[in-house]
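Let's take a walk through a protein model together. Please have the sequence and the picture ready, and follow along one part at a time.

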Amino acid sequence: MQQLSEVKSAARTVWARGDYDAMMRAENLYEVGAQLVRRLGIGAGQNVVDVACGSGNAAIPAAQAGARVTGVDLTPHMLDLARGRAQEAGVDVEWIEGDAEELPFSDAHADIVLSTFGCMFAPRHDVVADELARILAPGGQLGLCAWTPEGVFGDFFRIVANYLPPDPEFVDPPLAWGDEKNVRELFEGTGLALSFERAIWEITHPSVDAAVSCYTDYLGPVNMARELTQADGRWPDLQAELADLFARYKTADGQVVLPAEYLTITGQNR
Ligand SMILES: C[S@@+](CC[C@H](N)C(=O)[O-])C[C@H]1O[C@@H](n2cnc3c(N)ncnc32)[C@H](O)[C@@H]1O
């Protein structure tokens, strides 16, 4: 399917833009990966795969907990960031360029399969869910985090999508991974017993302008939307929509505190 390979190639380009690590640090979001690792009780001797691992949000704390970890991502630039962070943390992780829709592992390879805000961005969710379940060993655990459609990042990604070229019809919306009912359907028949928990991650930016700059400078897809809208004259509209969104969360001292809701999905394999 030619169009599918084009979507993947575009994803590689988009996710290499900006400065993903700087955004993660500004949001303190690496703590969510560490929390997921603690929640699943990951420890020595376990085989862990972090799917769509980016700069290693879940993979690095899993390795720090003593597990044997492989991080897989479509975007080589992300793996470079991950390598640097792992080195800084003093842990060994195997980093592999690969696709969440075609994971480079045999059946039942992993004791734990993780993905924080990662596999939600692969295009065909049913294919991804089948792959996550396929590589999970009997008795293994799945741990995923995804932004919810109802949360502030639901609004945020809907705004940005209006300024990017439309996806082909076969591409599922990323936020569908933040919807319990949809996720249950995706894993139907896989034998995984699923649990769900919604939580809020508070993200503080110094001001509305700083929040707009953080995402437009650092986050690949938004950085791309800025370039496209600067070329077609719609940049002031995008900037104003993002500023309006963030202004809803302005505190008395001018900071922005985003109550970013996300869904944690855990799955126990039979
Ligand atoms: C928002 S980032 C999340 C990264 C990381 N898991 C985290 O928590 O920071 C989304 C990641 O998904 C990756 N990605 C997108 N499509 C993918 C696919 N089909 N297979 C593997 N990775 C993919 C991107 O390269 C990017 O690193």
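The UniProt annotation "domain: Methyltransferase", from an unreviewed entry, covers residues 48–140; UniProt positions are given in the numbering used here, feature names are shortened, and annotations may be inferred rather than shown by experiment. Over residues 48–140 the chain is 32% helix and 28% strand, and the end C-alpha atoms lie 10 Å apart. Helices (H or I, at least four residues) and strands (E, at least two) are DSSP runs, numbered from the N terminus. Residues are numbered from 1 along each chain as its sequence is written. Keep in mind that this is a predicted model: local features need pLDDT of at least 70, side-chain atom pairs count only at pLDDT 80 or more, and totals for chains, interfaces and linings use all residues.

Strand 6 runs antiparallel to strand 7 (residues 256–268), and 13 bridges join them. In this pair, Ile203 stands opposite Leu258 of strand 7.

Next, find the ligand. It is surrounded by 22 residues, and the closest are Gly54, Asn57, Thr75, Gly118 and Ala122 (a residue counts as near if its C-beta atom, placed from the backbone, lies within 6 Å). Helix 1 (residues 2–15) gives the most to this shell, with three residues.

Methods:
Pairing = 2+ DSSP bridges.
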